[in-house]
Protein chains: 4
Amino acid sequence: MSTATATPPTFEARLRVRYAETDQMGVVYYGNYFTWFEVGRVEFLRQAGFTYKEIEQQDGCLLAVVDARCRYKAPARYDDEIVVLTQLKHVRGPLIHFTYEIKRAADGQLLAEGETTHIIVDSTMRPRALPEKYAKAFKEFVATPGE
Amino acid sequence: MSTATATPPTFEARLRVRYAETDQMGVVYYGNYFTWFEVGRVEFLRQAGFTYKEIEQQDGCLLAVVDARCRYKAPARYDDEIVVLTQLKHVRGPLIHFTYEIKRAADGQLLAEGETTHIIVDSTMRPRALPEKYAKAFKEFVATPGE
Amino acid sequence: MSTATATPPTFEARLRVRYAETDQMGVVYYGNYFTWFEVGRVEFLRQAGFTYKEIEQQDGCLLAVVDARCRYKAPARYDDEIVVLTQLKHVRGPLIHFTYEIKRAADGQLLAEGETTHIIVDSTMRPRALPEKYAKAFKEFVATPGE
Amino acid sequence: MSTATATPPTFEARLRVRYAETDQMGVVYYGNYFTWFEVGRVEFLRQAGFTYKEIEQQDGCLLAVVDARCRYKAPARYDDEIVVLTQLKHVRGPLIHFTYEIKRAADGQLLAEGETTHIIVDSTMRPRALPEKYAKAFKEFVATPGE
(Lines give C-alpha, C1' and ligand atoms only; values in the text may rest on other atoms or scores of the structure.)
Protein backbone atom coordinates (compact mmCIF):
# COMPACT_ATOMS: atom_id res chain seq x y z
CA MET A 1 0.00 0.00 0.00
CA SER A 2 3.07 2.22 0.08
CA THR A 3 3.57 4.71 -2.71
CA ALA A 4 7.03 3.23 -3.20
CA THR A 5 5.34 0.20 -4.74
CA ALA A 6 3.51 2.42 -7.18
CA THR A 7 6.75 3.87 -8.52
CA PRO A 8 9.42 1.21 -8.38
CA PRO A 9 12.87 2.76 -8.63
CA THR A 10 14.63 2.37 -11.95
CA PHE A 11 18.36 2.81 -12.32
CA GLU A 12 20.00 4.16 -15.41
CA ALA A 13 23.37 3.44 -17.00
CA ARG A 14 24.65 4.88 -20.26
CA LEU A 15 27.11 3.51 -22.79
CA ARG A 16 28.08 4.04 -26.39
CA VAL A 17 27.98 1.18 -28.92
CA ARG A 18 31.51 0.00 -29.73
CA TYR A 19 32.61 -1.10 -33.18
CA ALA A 20 33.65 -4.40 -31.59
CA GLU A 21 30.01 -4.96 -30.60
CA THR A 22 28.65 -4.80 -34.15
CA ASP A 23 28.56 -7.71 -36.56
CA GLN A 24 28.50 -7.91 -40.34
CA MET A 25 24.71 -7.37 -40.37
CA GLY A 26 25.66 -3.77 -39.44
CA VAL A 27 23.94 -3.95 -36.05
CA VAL A 28 24.91 -4.98 -32.53
CA TYR A 29 25.44 -8.75 -32.17
CA TYR A 30 22.56 -10.23 -30.16
CA GLY A 31 24.76 -11.75 -27.45
CA ASN A 32 26.21 -8.36 -26.51
CA TYR A 33 22.92 -7.13 -25.05
CA PHE A 34 23.57 -9.50 -22.13
CA THR A 35 26.81 -7.62 -21.42
CA TRP A 36 24.78 -4.41 -21.37
CA PHE A 37 22.36 -6.00 -18.88
CA GLU A 38 25.42 -6.65 -16.72
CA VAL A 39 26.44 -2.99 -17.02
CA GLY A 40 22.92 -2.01 -15.88
CA ARG A 41 22.94 -4.45 -12.97
CA VAL A 42 26.32 -3.28 -11.71
CA GLU A 43 25.21 0.34 -11.93
CA PHE A 44 22.05 -0.57 -10.01
CA LEU A 45 24.18 -2.00 -7.21
CA ARG A 46 26.49 1.00 -7.20
CA GLN A 47 23.57 3.43 -6.98
CA ALA A 48 22.13 1.28 -4.18
CA GLY A 49 25.33 1.89 -2.25
CA PHE A 50 27.27 -1.28 -3.04
CA THR A 51 29.68 -2.48 -5.64
CA TYR A 52 29.57 -5.97 -7.04
CA LYS A 53 33.32 -6.11 -6.48
CA GLU A 54 32.79 -5.75 -2.71
CA ILE A 55 30.02 -8.33 -2.70
CA GLU A 56 32.45 -10.79 -4.30
CA GLN A 57 35.60 -9.90 -2.39
CA GLN A 58 34.36 -8.97 1.08
CA ASP A 59 31.40 -11.27 1.38
CA GLY A 60 32.41 -14.12 -0.87
CA CYS A 61 29.07 -14.00 -2.68
CA LEU A 62 28.83 -14.57 -6.41
CA LEU A 63 25.69 -13.86 -8.42
CA ALA A 64 25.53 -16.84 -10.79
CA VAL A 65 23.05 -16.42 -13.64
CA VAL A 66 20.39 -19.15 -13.85
CA ASP A 67 18.14 -17.67 -16.54
CA ALA A 68 18.58 -14.86 -19.05
CA ARG A 69 16.27 -13.62 -21.76
CA CYS A 70 16.18 -10.78 -24.27
CA ARG A 71 13.47 -9.66 -26.67
CA TYR A 72 14.80 -7.54 -29.52
CA LYS A 73 12.58 -4.71 -30.79
CA ALA A 74 14.81 -2.57 -33.02
CA PRO A 75 18.52 -2.80 -33.84
CA ALA A 76 21.17 -0.88 -31.92
CA ARG A 77 23.81 0.53 -34.25
CA TYR A 78 27.44 1.57 -34.02
CA ASP A 79 28.04 4.78 -32.08
CA ASP A 80 24.44 4.95 -30.76
CA GLU A 81 24.28 6.22 -27.21
CA ILE A 82 22.40 3.58 -25.23
CA VAL A 83 20.43 3.88 -22.00
CA VAL A 84 20.13 0.75 -19.86
CA LEU A 85 17.23 0.93 -17.37
CA THR A 86 17.38 -1.68 -14.62
CA GLN A 87 14.80 -2.72 -12.04
CA LEU A 88 15.16 -5.20 -9.19
CA LYS A 89 11.98 -7.27 -9.56
CA HIS A 90 12.30 -9.42 -6.46
CA VAL A 91 14.62 -11.15 -4.02
CA ARG A 92 13.41 -14.55 -2.84
CA GLY A 93 15.72 -16.65 -0.71
CA PRO A 94 18.88 -17.08 -2.76
CA LEU A 95 17.23 -15.86 -6.00
CA ILE A 96 17.42 -12.31 -7.38
CA HIS A 97 15.46 -11.20 -10.41
CA PHE A 98 16.29 -8.12 -12.52
CA THR A 99 14.50 -6.65 -15.56
CA TYR A 100 16.00 -4.34 -18.16
CA GLU A 101 15.03 -1.93 -20.91
CA ILE A 102 17.55 -0.92 -23.55
CA LYS A 103 16.74 2.41 -25.19
CA ARG A 104 18.41 4.63 -27.77
CA ALA A 105 19.25 7.88 -25.98
CA ALA A 106 18.67 10.10 -29.03
CA ASP A 107 14.93 9.44 -29.31
CA GLY A 108 14.03 7.14 -26.43
CA GLN A 109 13.22 4.28 -28.87
CA LEU A 110 12.95 0.95 -27.05
CA LEU A 111 15.51 -1.40 -28.62
CA ALA A 112 15.23 -4.43 -26.36
CA GLU A 113 13.88 -5.63 -23.06
CA GLY A 114 15.08 -8.49 -20.96
CA GLU A 115 15.43 -10.17 -17.63
CA THR A 116 17.95 -12.19 -15.67
CA THR A 117 17.58 -14.42 -12.62
CA HIS A 118 20.59 -14.99 -10.38
CA ILE A 119 21.32 -17.37 -7.56
CA ILE A 120 23.66 -16.32 -4.78
CA VAL A 121 26.48 -18.82 -4.43
CA ASP A 122 29.75 -19.01 -2.54
CA SER A 123 33.12 -19.46 -4.23
CA THR A 124 32.51 -23.23 -4.51
CA MET A 125 29.23 -22.54 -6.39
CA ARG A 126 26.98 -23.64 -3.48
CA PRO A 127 23.78 -21.61 -2.95
CA ARG A 128 23.81 -19.37 0.11
CA ALA A 129 21.63 -16.62 1.55
CA LEU A 130 22.26 -12.99 0.66
CA PRO A 131 24.09 -11.29 3.59
CA GLU A 132 21.67 -9.29 5.71
CA LYS A 133 23.13 -5.86 4.85
CA TYR A 134 22.38 -6.41 1.15
CA ALA A 135 19.02 -8.08 1.75
CA LYS A 136 17.91 -5.09 3.79
CA ALA A 137 19.14 -2.53 1.31
CA PHE A 138 17.75 -4.40 -1.67
CA LYS A 139 14.28 -4.48 -0.13
CA GLU A 140 14.01 -0.74 -0.58
CA PHE A 141 14.59 -1.09 -4.27
CA VAL A 142 12.38 -4.04 -5.06
CA ALA A 143 9.85 -3.14 -7.70
CA THR A 144 7.23 -5.68 -6.65
CA PRO A 145 7.58 -6.24 -2.88
CA GLY A 146 4.08 -7.69 -2.61
CA GLU A 147 4.74 -10.46 -5.10
CA MET B 1 1.51 -39.01 -38.52
CA SER B 2 4.96 -39.50 -39.98
CA THR B 3 7.57 -41.28 -37.94
CA ALA B 4 9.88 -38.34 -38.61
CA THR B 5 7.94 -36.43 -35.97
CA ALA B 6 8.79 -39.06 -33.43
CA THR B 7 12.52 -38.58 -33.91
CA PRO B 8 13.17 -34.95 -34.74
CA PRO B 9 16.66 -34.54 -36.17
CA THR B 10 19.21 -32.96 -33.87
CA PHE B 11 22.43 -31.47 -35.18
CA GLU B 12 25.65 -31.45 -33.29
CA ALA B 13 28.53 -28.98 -33.21
CA ARG B 14 31.61 -29.19 -31.01
CA LEU B 15 33.87 -26.51 -29.60
CA ARG B 16 36.40 -26.06 -26.84
CA VAL B 17 36.01 -23.35 -24.19
CA ARG B 18 38.45 -20.49 -24.81
CA TYR B 19 40.21 -18.58 -22.05
CA ALA B 20 38.69 -15.43 -23.53
CA GLU B 21 35.23 -16.86 -22.82
CA THR B 22 35.77 -17.24 -19.07
CA ASP B 23 35.29 -14.48 -16.52
CA GLN B 24 36.76 -13.90 -13.07
CA MET B 25 34.16 -16.22 -11.53
CA GLY B 26 36.26 -18.95 -13.18
CA VAL B 27 33.44 -20.07 -15.46
CA VAL B 28 32.16 -19.11 -18.92
CA TYR B 29 30.55 -15.65 -19.02
CA TYR B 30 26.78 -16.03 -19.42
CA GLY B 31 26.54 -13.97 -22.61
CA ASN B 32 28.93 -16.28 -24.46
CA TYR B 33 26.41 -19.14 -24.53
CA PHE B 34 24.51 -17.13 -27.15
CA THR B 35 27.58 -17.22 -29.38
CA TRP B 36 27.61 -21.00 -28.95
CA PHE B 37 23.93 -21.13 -29.96
CA GLU B 38 25.01 -19.30 -33.13
CA VAL B 39 27.71 -21.93 -33.73
CA GLY B 40 25.04 -24.64 -33.38
CA ARG B 41 22.61 -22.85 -35.71
CA VAL B 42 25.20 -22.36 -38.41
CA GLU B 43 26.24 -26.00 -38.16
CA PHE B 44 22.57 -27.01 -38.43
CA LEU B 45 22.28 -25.05 -41.68
CA ARG B 46 25.53 -26.50 -43.03
CA GLN B 47 24.41 -30.07 -42.30
CA ALA B 48 21.05 -29.27 -43.91
CA GLY B 49 22.95 -28.43 -47.08
CA PHE B 50 23.19 -24.65 -46.82
CA THR B 51 25.56 -22.10 -45.38
CA TYR B 52 24.34 -18.99 -43.65
CA LYS B 53 26.90 -17.09 -45.72
CA GLU B 54 25.06 -18.12 -48.93
CA ILE B 55 21.68 -17.26 -47.46
CA GLU B 56 22.99 -13.75 -46.75
CA GLN B 57 25.00 -13.20 -49.90
CA GLN B 58 23.05 -15.02 -52.61
CA ASP B 59 19.54 -14.54 -51.35
CA GLY B 60 19.86 -11.28 -49.41
CA CYS B 61 18.16 -12.85 -46.40
CA LEU B 62 19.27 -12.03 -42.89
CA LEU B 63 18.09 -13.95 -39.83
CA ALA B 64 17.52 -11.17 -37.28
CA VAL B 65 17.06 -12.42 -33.71
CA VAL B 66 13.79 -11.36 -32.07
CA ASP B 67 13.96 -13.42 -28.89
CA ALA B 68 16.76 -15.33 -27.15
CA ARG B 69 16.76 -17.22 -23.89
CA CYS B 70 19.17 -19.40 -21.95
CA ARG B 71 18.68 -21.43 -18.75
CA TYR B 72 21.96 -22.26 -17.03
CA LYS B 73 22.20 -25.64 -15.27
CA ALA B 74 25.89 -26.10 -14.49
CA PRO B 75 28.93 -23.98 -15.29
CA ALA B 76 31.09 -24.57 -18.36
CA ARG B 77 34.76 -24.20 -17.56
CA TYR B 78 37.94 -23.34 -19.41
CA ASP B 79 39.16 -26.04 -21.80
CA ASP B 80 35.94 -28.13 -21.50
CA GLU B 81 34.93 -29.71 -24.77
CA ILE B 82 31.36 -28.59 -25.43
CA VAL B 83 28.64 -30.20 -27.54
CA VAL B 84 25.96 -27.92 -28.95
CA LEU B 85 22.79 -29.79 -29.96
CA THR B 86 20.45 -27.80 -32.19
CA GLN B 87 16.88 -28.47 -33.29
CA LEU B 88 14.69 -26.50 -35.68
CA LYS B 89 11.44 -26.24 -33.74
CA HIS B 90 9.29 -24.61 -36.41
CA VAL B 91 9.16 -22.27 -39.38
CA ARG B 92 6.06 -20.09 -39.53
CA GLY B 93 5.87 -17.37 -42.16
CA PRO B 94 8.93 -15.21 -41.62
CA LEU B 95 9.67 -16.67 -38.17
CA ILE B 96 12.14 -19.47 -37.43
CA HIS B 97 12.50 -21.04 -34.00
CA PHE B 98 15.54 -23.03 -32.83
CA THR B 99 16.21 -24.83 -29.52
CA TYR B 100 19.61 -25.77 -28.10
CA GLU B 101 21.21 -27.99 -25.52
CA ILE B 102 24.76 -27.30 -24.34
CA LYS B 103 26.47 -30.39 -22.92
CA ARG B 104 29.93 -31.16 -21.58
CA ALA B 105 31.43 -33.76 -23.91
CA ALA B 106 33.38 -35.60 -21.20
CA ASP B 107 30.33 -36.86 -19.28
CA GLY B 108 27.29 -35.65 -21.20
CA GLN B 109 26.29 -33.31 -18.34
CA LEU B 110 23.68 -30.77 -19.45
CA LEU B 111 25.13 -27.30 -18.87
CA ALA B 112 22.47 -25.08 -20.43
CA GLU B 113 19.45 -25.12 -22.67
CA GLY B 114 18.06 -22.32 -24.71
CA GLU B 115 16.06 -21.09 -27.65
CA THR B 116 16.14 -18.34 -30.22
CA THR B 117 13.46 -16.97 -32.54
CA HIS B 118 14.50 -15.26 -35.77
CA ILE B 119 12.69 -13.18 -38.32
CA ILE B 120 13.78 -13.26 -41.93
CA VAL B 121 14.55 -9.75 -43.15
CA ASP B 122 16.12 -8.21 -46.23
CA SER B 123 19.18 -5.95 -46.08
CA THR B 124 16.97 -2.98 -45.11
CA MET B 125 15.65 -4.96 -42.11
CA ARG B 126 12.16 -5.47 -43.64
CA PRO B 127 10.49 -8.85 -42.99
CA ARG B 128 10.31 -11.13 -46.01
CA ALA B 129 9.39 -14.75 -46.71
CA LEU B 130 12.03 -17.45 -46.62
CA PRO B 131 13.01 -18.37 -50.22
CA GLU B 132 11.26 -21.55 -51.33
CA LYS B 133 14.42 -23.67 -51.58
CA TYR B 134 15.16 -23.12 -47.90
CA ALA B 135 11.54 -23.41 -46.79
CA LYS B 136 11.28 -26.78 -48.51
CA ALA B 137 14.54 -28.08 -47.12
CA PHE B 138 13.85 -26.80 -43.62
CA LYS B 139 10.50 -28.63 -43.51
CA GLU B 140 12.34 -31.93 -43.45
CA PHE B 141 14.19 -30.91 -40.35
CA VAL B 142 11.40 -29.36 -38.34
CA ALA B 143 11.05 -31.06 -34.99
CA THR B 144 7.35 -30.31 -34.53
CA PRO B 145 5.72 -30.11 -37.99
CA GLY B 146 2.27 -30.69 -36.57
CA GLU B 147 2.33 -27.68 -34.28
CA MET C 1 60.45 24.58 -32.52
CA SER C 2 56.71 25.25 -32.53
CA THR C 3 54.95 24.87 -29.23
CA ALA C 4 52.38 22.63 -30.91
CA THR C 5 55.06 20.00 -31.40
CA ALA C 6 56.15 20.36 -27.81
CA THR C 7 52.69 19.63 -26.48
CA PRO C 8 50.98 17.23 -28.86
CA PRO C 9 47.26 17.07 -28.13
CA THR C 10 46.12 14.00 -26.26
CA PHE C 11 42.49 12.93 -26.17
CA GLU C 12 40.91 11.19 -23.26
CA ALA C 13 38.15 8.62 -23.04
CA ARG C 14 36.89 6.93 -19.90
CA LEU C 15 35.30 3.54 -19.36
CA ARG C 16 34.67 1.11 -16.55
CA VAL C 17 35.93 -2.49 -16.72
CA ARG C 18 33.05 -4.88 -17.41
CA TYR C 19 32.75 -8.33 -15.85
CA ALA C 20 32.56 -9.71 -19.40
CA GLU C 21 36.04 -8.30 -20.04
CA THR C 22 37.73 -10.24 -17.24
CA ASP C 23 38.97 -13.81 -17.53
CA GLN C 24 39.57 -16.53 -14.96
CA MET C 25 42.99 -15.07 -14.11
CA GLY C 26 40.90 -12.35 -12.41
CA VAL C 27 42.17 -9.61 -14.72
CA VAL C 28 41.12 -8.13 -18.06
CA TYR C 29 41.69 -10.52 -20.99
CA TYR C 30 44.61 -9.25 -23.07
CA GLY C 31 42.66 -9.01 -26.33
CA ASN C 32 40.15 -6.58 -24.82
CA TYR C 33 42.72 -3.77 -24.61
CA PHE C 34 42.43 -3.50 -28.39
CA THR C 35 38.72 -2.74 -28.00
CA TRP C 36 39.68 0.02 -25.56
CA PHE C 37 42.13 1.41 -28.12
CA GLU C 38 39.16 1.58 -30.50
CA VAL C 39 37.15 3.48 -27.87
CA GLY C 40 40.05 5.95 -27.56
CA ARG C 41 40.41 6.35 -31.33
CA VAL C 42 36.70 6.99 -31.82
CA GLU C 43 36.70 9.53 -29.03
CA PHE C 44 39.73 11.21 -30.61
CA LEU C 45 37.80 11.59 -33.87
CA ARG C 46 34.71 12.88 -32.08
CA GLN C 47 36.72 15.50 -30.20
CA ALA C 48 38.41 16.45 -33.49
CA GLY C 49 34.95 17.23 -34.85
CA PHE C 50 34.17 14.02 -36.74
CA THR C 51 32.55 10.72 -36.02
CA TYR C 52 33.86 7.48 -37.43
CA LYS C 53 30.28 6.67 -38.38
CA GLU C 54 30.22 9.69 -40.74
CA ILE C 55 33.61 8.81 -42.20
CA GLU C 56 32.24 5.37 -43.05
CA GLN C 57 28.77 6.33 -44.20
CA GLN C 58 29.22 9.72 -45.86
CA ASP C 59 32.68 9.32 -47.31
CA GLY C 60 32.84 5.57 -47.82
CA CYS C 61 36.19 5.39 -46.02
CA LEU C 62 37.05 2.51 -43.75
CA LEU C 63 40.05 2.52 -41.44
CA ALA C 64 41.38 -1.03 -41.79
CA VAL C 65 43.95 -2.00 -39.17
CA VAL C 66 47.31 -3.15 -40.57
CA ASP C 67 49.32 -3.36 -37.35
CA ALA C 68 48.37 -3.40 -33.67
CA ARG C 69 50.54 -3.77 -30.59
CA CYS C 70 50.07 -3.62 -26.84
CA ARG C 71 52.62 -3.75 -24.01
CA TYR C 72 51.08 -4.71 -20.68
CA LYS C 73 52.50 -3.07 -17.55
CA ALA C 74 50.02 -3.89 -14.77
CA PRO C 75 46.68 -5.71 -14.81
CA ALA C 76 43.36 -3.90 -15.17
CA ARG C 77 40.73 -5.39 -12.88
CA TYR C 78 36.98 -5.62 -12.76
CA ASP C 79 35.20 -2.34 -12.00
CA ASP C 80 38.38 -0.24 -12.37
CA GLU C 81 37.73 3.10 -14.00
CA ILE C 82 40.04 3.30 -16.99
CA VAL C 83 41.41 6.32 -18.84
CA VAL C 84 42.37 5.83 -22.49
CA LEU C 85 44.76 8.52 -23.75
CA THR C 86 45.04 8.67 -27.53
CA GLN C 87 47.48 10.55 -29.76
CA LEU C 88 47.55 10.77 -33.55
CA LYS C 89 51.21 10.11 -34.30
CA HIS C 90 51.16 10.77 -38.04
CA VAL C 91 49.19 10.65 -41.27
CA ARG C 92 51.20 9.60 -44.31
CA GLY C 93 49.36 8.98 -47.55
CA PRO C 94 46.75 6.34 -46.81
CA LEU C 95 48.35 5.39 -43.47
CA ILE C 96 47.29 6.70 -40.06
CA HIS C 97 49.20 5.92 -36.88
CA PHE C 98 47.76 6.22 -33.35
CA THR C 99 49.37 5.62 -29.95
CA TYR C 100 47.59 4.89 -26.68
CA GLU C 101 48.12 4.87 -22.95
CA ILE C 102 45.76 2.93 -20.68
CA LYS C 103 45.75 4.24 -17.12
CA ARG C 104 43.82 3.40 -13.95
CA ALA C 105 41.83 6.52 -13.07
CA ALA C 106 42.09 6.04 -9.29
CA ASP C 107 45.86 6.52 -9.08
CA GLY C 108 47.05 7.27 -12.60
CA GLN C 109 48.98 3.96 -12.74
CA LEU C 110 50.00 3.10 -16.32
CA LEU C 111 48.46 -0.28 -17.16
CA ALA C 112 49.35 -0.62 -20.83
CA GLU C 113 50.58 1.28 -23.84
CA GLY C 114 50.02 0.50 -27.45
CA GLU C 115 49.79 1.60 -31.03
CA THR C 116 47.77 0.88 -34.13
CA THR C 117 48.40 1.64 -37.80
CA HIS C 118 45.46 1.92 -40.18
CA ILE C 119 45.11 2.09 -43.91
CA ILE C 120 42.27 4.02 -45.46
CA VAL C 121 40.28 1.78 -47.80
CA ASP C 122 37.01 2.00 -49.69
CA SER C 123 34.18 -0.49 -49.22
CA THR C 124 35.91 -2.95 -51.55
CA MET C 125 39.04 -2.84 -49.34
CA ARG C 126 41.13 -0.88 -51.88
CA PRO C 127 43.50 1.78 -50.45
CA ARG C 128 42.43 5.36 -51.07
CA ALA C 129 43.49 8.80 -49.91
CA LEU C 130 41.94 10.39 -46.85
CA PRO C 131 39.34 12.99 -47.98
CA GLU C 132 40.76 16.50 -47.77
CA LYS C 133 38.48 17.71 -44.97
CA TYR C 134 39.80 15.02 -42.65
CA ALA C 135 43.40 15.33 -43.81
CA LYS C 136 43.32 19.03 -43.04
CA ALA C 137 41.69 18.62 -39.65
CA PHE C 138 43.93 15.75 -38.65
CA LYS C 139 47.05 17.79 -39.37
CA GLU C 140 46.26 20.02 -36.43
CA PHE C 141 46.27 17.07 -34.11
CA VAL C 142 49.33 15.24 -35.31
CA ALA C 143 51.78 14.72 -32.47
CA THR C 144 54.91 14.60 -34.64
CA PRO C 145 54.31 16.76 -37.71
CA GLY C 146 58.02 17.04 -38.42
CA GLU C 147 58.61 13.34 -38.66
CA MET D 1 74.15 -26.42 -35.36
CA SER D 2 71.50 -29.01 -34.50
CA THR D 3 69.13 -30.09 -37.22
CA ALA D 4 66.27 -29.26 -34.87
CA THR D 5 67.00 -25.59 -35.53
CA ALA D 6 66.55 -26.14 -39.22
CA THR D 7 63.01 -27.41 -38.83
CA PRO D 8 61.41 -25.81 -35.80
CA PRO D 9 58.19 -27.60 -34.94
CA THR D 10 55.00 -25.76 -35.77
CA PHE D 11 51.68 -26.64 -34.20
CA GLU D 12 48.39 -26.26 -35.95
CA ALA D 13 44.91 -25.44 -34.65
CA ARG D 14 41.78 -24.96 -36.75
CA LEU D 15 38.68 -22.91 -36.16
CA ARG D 16 35.80 -21.45 -38.12
CA VAL D 17 35.04 -17.71 -38.08
CA ARG D 18 31.96 -16.98 -35.97
CA TYR D 19 29.38 -14.36 -36.83
CA ALA D 20 30.06 -12.85 -33.39
CA GLU D 21 33.67 -12.27 -34.46
CA THR D 22 32.80 -10.09 -37.46
CA ASP D 23 32.13 -6.38 -37.29
CA GLN D 24 30.14 -4.04 -39.52
CA MET D 25 33.09 -3.71 -41.90
CA GLY D 26 32.12 -7.29 -42.89
CA VAL D 27 35.42 -8.76 -41.68
CA VAL D 28 36.76 -10.14 -38.41
CA TYR D 29 37.28 -7.46 -35.73
CA TYR D 30 41.00 -6.87 -35.24
CA GLY D 31 41.00 -7.64 -31.52
CA ASN D 32 39.68 -11.16 -32.11
CA TYR D 33 42.92 -12.33 -33.72
CA PHE D 34 44.45 -12.25 -30.23
CA THR D 35 41.85 -14.79 -29.10
CA TRP D 36 42.90 -16.98 -32.03
CA PHE D 37 46.54 -16.66 -30.93
CA GLU D 38 45.36 -17.99 -27.56
CA VAL D 39 43.66 -20.94 -29.29
CA GLY D 40 46.95 -21.68 -31.09
CA ARG D 41 49.02 -21.39 -27.91
CA VAL D 42 46.74 -23.71 -25.96
CA GLU D 43 46.81 -26.25 -28.78
CA PHE D 44 50.61 -26.00 -28.84
CA LEU D 45 50.71 -26.90 -25.14
CA ARG D 46 48.24 -29.74 -25.60
CA GLN D 47 50.26 -31.22 -28.45
CA ALA D 48 53.42 -30.83 -26.31
CA GLY D 49 51.74 -33.04 -23.72
CA PHE D 50 50.36 -30.44 -21.33
CA THR D 51 47.19 -28.47 -20.87
CA TYR D 52 47.19 -24.87 -19.79
CA LYS D 53 44.46 -25.81 -17.31
CA GLU D 54 46.91 -28.15 -15.52
CA ILE D 55 49.66 -25.56 -15.56
CA GLU D 56 47.30 -23.16 -13.78
CA GLN D 57 45.64 -25.59 -11.40
CA GLN D 58 48.37 -28.07 -10.51
CA ASP D 59 51.39 -25.83 -10.64
CA GLY D 60 49.88 -22.46 -9.80
CA CYS D 61 51.58 -20.87 -12.81
CA LEU D 62 49.84 -18.24 -14.87
CA LEU D 63 51.13 -17.04 -18.23
CA ALA D 64 50.54 -13.29 -18.07
CA VAL D 65 50.92 -11.50 -21.38
CA VAL D 66 53.47 -8.69 -21.40
CA ASP D 67 53.54 -7.90 -25.12
CA ALA D 68 51.25 -8.76 -28.02
CA ARG D 69 51.41 -7.75 -31.65
CA CYS D 70 49.53 -8.56 -34.84
CA ARG D 71 50.20 -7.53 -38.44
CA TYR D 72 47.13 -7.86 -40.66
CA LYS D 73 47.69 -8.94 -44.28
CA ALA D 74 44.24 -9.80 -45.63
CA PRO D 75 40.81 -9.87 -43.96
CA ALA D 76 39.33 -13.03 -42.44
CA ARG D 77 35.64 -13.31 -43.22
CA TYR D 78 32.61 -14.98 -41.70
CA ASP D 79 32.56 -18.78 -42.03
CA ASP D 80 36.17 -18.97 -43.29
CA GLU D 81 38.01 -21.97 -41.95
CA ILE D 82 41.15 -20.64 -40.26
CA VAL D 83 44.47 -22.34 -39.54
CA VAL D 84 46.51 -21.02 -36.61
CA LEU D 85 50.19 -22.01 -36.80
CA THR D 86 52.08 -21.55 -33.54
CA GLN D 87 55.80 -21.70 -32.80
CA LEU D 88 57.56 -21.40 -29.45
CA LYS D 89 60.34 -18.93 -30.23
CA HIS D 90 62.22 -19.05 -26.95
CA VAL D 91 62.03 -19.52 -23.20
CA ARG D 92 64.32 -17.25 -21.20
CA GLY D 93 64.03 -17.24 -17.43
CA PRO D 94 60.41 -16.37 -16.68
CA LEU D 95 59.72 -15.17 -20.26
CA ILE D 96 58.11 -17.24 -23.02
CA HIS D 97 57.82 -16.00 -26.58
CA PHE D 98 55.38 -17.40 -29.18
CA THR D 99 54.87 -16.49 -32.83
CA TYR D 100 51.77 -17.14 -34.94
CA GLU D 101 50.58 -17.29 -38.51
CA ILE D 102 46.89 -17.08 -39.31
CA LYS D 103 46.01 -18.63 -42.68
CA ARG D 104 42.79 -19.22 -44.61
CA ALA D 105 42.44 -23.01 -44.91
CA ALA D 106 40.80 -22.91 -48.35
CA ASP D 107 43.82 -21.49 -50.21
CA GLY D 108 46.58 -21.11 -47.63
CA GLN D 109 46.47 -17.30 -47.92
CA LEU D 110 48.33 -15.64 -45.04
CA LEU D 111 45.85 -13.38 -43.23
CA ALA D 112 47.91 -12.22 -40.28
CA GLU D 113 51.06 -12.89 -38.33
CA GLY D 114 51.78 -12.06 -34.76
CA GLU D 115 53.68 -12.70 -31.58
CA THR D 116 53.09 -12.71 -27.85
CA THR D 117 55.50 -12.60 -24.92
CA HIS D 118 54.43 -14.02 -21.57
CA ILE D 119 55.84 -13.88 -18.09
CA ILE D 120 55.28 -16.76 -15.71
CA VAL D 121 53.65 -15.52 -12.52
CA ASP D 122 52.07 -17.11 -9.46
CA SER D 123 48.49 -16.43 -8.39
CA THR D 124 49.58 -13.16 -6.74
CA MET D 125 51.06 -11.99 -10.07
CA ARG D 126 54.69 -12.32 -8.92
CA PRO D 127 57.20 -13.61 -11.51
CA ARG D 128 58.43 -17.14 -10.91
CA ALA D 129 60.44 -19.73 -12.80
CA LEU D 130 58.75 -22.24 -15.08
CA PRO D 131 58.56 -25.62 -13.28
CA GLU D 132 61.27 -27.97 -14.49
CA LYS D 133 58.95 -30.48 -16.18
CA TYR D 134 57.63 -27.79 -18.50
CA ALA D 135 61.02 -26.13 -19.01
CA LYS D 136 62.47 -29.45 -20.11
CA ALA D 137 59.59 -30.32 -22.41
CA PHE D 138 59.44 -26.85 -23.91
CA LYS D 139 63.12 -26.97 -24.83
CA GLU D 140 62.38 -29.64 -27.41
CA PHE D 141 59.92 -27.39 -29.14
CA VAL D 142 61.86 -24.15 -29.14
CA ALA D 143 62.26 -22.86 -32.66
CA THR D 144 65.47 -20.92 -32.05
CA PRO D 145 67.41 -22.65 -29.27
CA GLY D 146 70.65 -20.98 -30.25
CA GLU D 147 69.30 -17.45 -29.90
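# Close-up views of chain B and its contacts

**Ile82(B) and its bridge partner in E4(B), Arg104(B).** The model is predicted, so local features need pLDDT of at least 70 and side-chain atom pairs count only at pLDDT 80 or more, while totals for chains, interfaces and linings use all residues. Residues are numbered from 1 along each chain as its sequence is written, and chains are lettered from A and ligands numbered from 1 in the order in which they are written. E3(B) and strand E4 of chain B (residues 95-104) pair in the antiparallel sense over ten bridges; pairing requires at least two bridges found by DSSP between the two strands. Helices (H or I, at least four residues) and strands (E, at least two) are DSSP runs, numbered from the N terminus. Two residues lie between the strands in the hairpin of E3(B) and E4(B), where Gly93(B) takes a positive phi near 55 degrees.

**Antiparallel pairing of E1(B) with E3(B).** Six bridges link strand E1 (residues 11-16) of chain B to strand E3 (residues 81-92) of chain B. Phe11(B) has Thr86(B) as its bridge partner in E3(B).

Arg71(B), in E2(B), is the bridge partner of Asp67(A).

**Superposition of chain B on chain A.** The C-alpha of Arg69(B) is the one in chain B nearest the axis, 2.1 Å from it. Both copies use the same surface, as 100% of the contact residues of chain B recur in chain A.

**Contact of chain B with chain A, 17 residues from each.** Residues are in contact if their C-beta atoms, placed from the backbone, lie within 7 Å. On the side of chain B that touches chain A, helix H2 (32-47) and strand E2 (62-72) of chain B each supply at least two residues. E2(B) gives the most, with nine residues. By class, this side has eleven nonpolar, three polar and three charged residues. Ala, Val, Leu, Ile, Met, Phe, Trp, Tyr, Cys and Pro count as nonpolar, Asp, Glu, Lys and Arg as charged, and the others, Gly among them, as polar.

**Contact of chain B with chain C.** Chain B and chain C contribute nine residues each. On the side of chain B that touches chain C, four residues are nonpolar, four polar and one charged.

Note on methods. Least-squares fit on C-alpha atoms with pLDDT ≥ 70 in both. Contact = placed C-beta atoms within 7 Å.
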